[in-house]
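Subject: Structure handover

Hi,

Here is the structure I promised to pass on. My notes on aromatic rings, charges and nonpolar cores follow below.

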Amino acid sequence: MTEKEKRLARGREHVVATTDEIPPGEHKVFPIGRYGVGVYNVKGTFYAIANYCPHEGGPLCFGRTKGQTVSAPERPGGAAEVRDGEFIYCPWHQWGFELATGTTTVKPEWSIRTYPVRVDGSNVIVSA
Ligand code: FES
């Protein structure tokens, strides 16, 4: 069986994991479609994104999750990080995307693809 044949077809629901297999702050990448789909647990809410960066095609799900840096003149350095763990940063050029919506402030028209996720009992189910 080739690597391509092992990949799951897109366009249907996939039971990808149980909730305790992806604890808060963690994620896993599943072989759905051409690039794979990353499923993230952000403080108990699951999100799914394509493992593909719209900038130059980087493997987005291999980047780090963290918060968003905002201006905070009262803080040392004039900046603060908010919404910890709600953004994914591409490992190639560090563009950041909001996991919940797929949007980016770098170039808003280049949002990433997101997929619906639901939890049924202890199963995490992705529609991708
Ligand atoms: S390829 Fe992702 S930021 Fe450049």
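W95 is buried, at 13% relative accessible area. Buried means under 20%, exposed over 50%, and partly exposed in between (1.4 Å probe, protein chains only). This is a predicted model: local features need pLDDT of at least 70, side-chain atom pairs count only at pLDDT 80 or more, and totals for chains, interfaces and linings use all residues. Residues are numbered from 1 along each chain as its sequence is written, and side-chain values use heavy atoms, with hydrogens and water left out.

Aromatic pairs

The whole structure holds two aromatic pairs. Rings of Phe, Tyr and Trp (its six-membered ring) pair if their centres lie within 6.5 Å; planes under 30 degrees apart are stacked, over 60 edge-to-face, and the rest tilted.

Y35 and Y52 make a tilted pair, 4.4 Å centre to centre with 40° between the planes. Y35 lies in the loop between β2 (27-30) and β3 (37-42), and Y52 in the loop between β4 (45-50) and β5 (64-71), so the pair ties together parts 17 residues apart in sequence. Strands here are DSSP runs (E, at least two residues), numbered from the N terminus. Y35 is partly exposed at 36%. Y52 is partly exposed too, at 32%.

W95 pairs with W110: the ring centres are 5.6 Å apart and the planes at 35°, so this pair is tilted. W95 lies in the loop between β6 (79-89) and β7 (96-98), W110 in the loop between β7 and β8 (114-115), so the pair ties together parts 15 residues apart in sequence. W110 is partly exposed, at 28%.

Charges over rings

A charge sits over a ring if NZ of Lys or CZ of Arg is within 6 Å of the ring centre and within 35 degrees of the ring normal. K107 does this over W110, 4.1 Å from the ring centre. K66 does it over Y89, at 4.9 Å.

Nonpolar cores

A nonpolar core is a set of buried Ala, Val, Leu, Ile, Met, Phe, Trp, Tyr and Cys residues joined through side-chain atoms within 4.5 Å. The largest has 14 residues; V16, F30, V37, V39, Y115 and V126 have the most contacts inside it. β1 (13-18), β3, β4 and β10 (123-127) each give two or more residues. β4 gives the most, with three.

V126 touches residues including R12, E13, H14 and A48, leaving aside neighbours within four places in sequence. Contact means heavy atoms within 4.5 Å.

A second, separate core has twelve residues, among them V42, C53, L60 and I88.

Best wishes

Notes: Helices (H or I, at least four residues) and strands (E, at least two) are DSSP runs, numbered from the N terminus.
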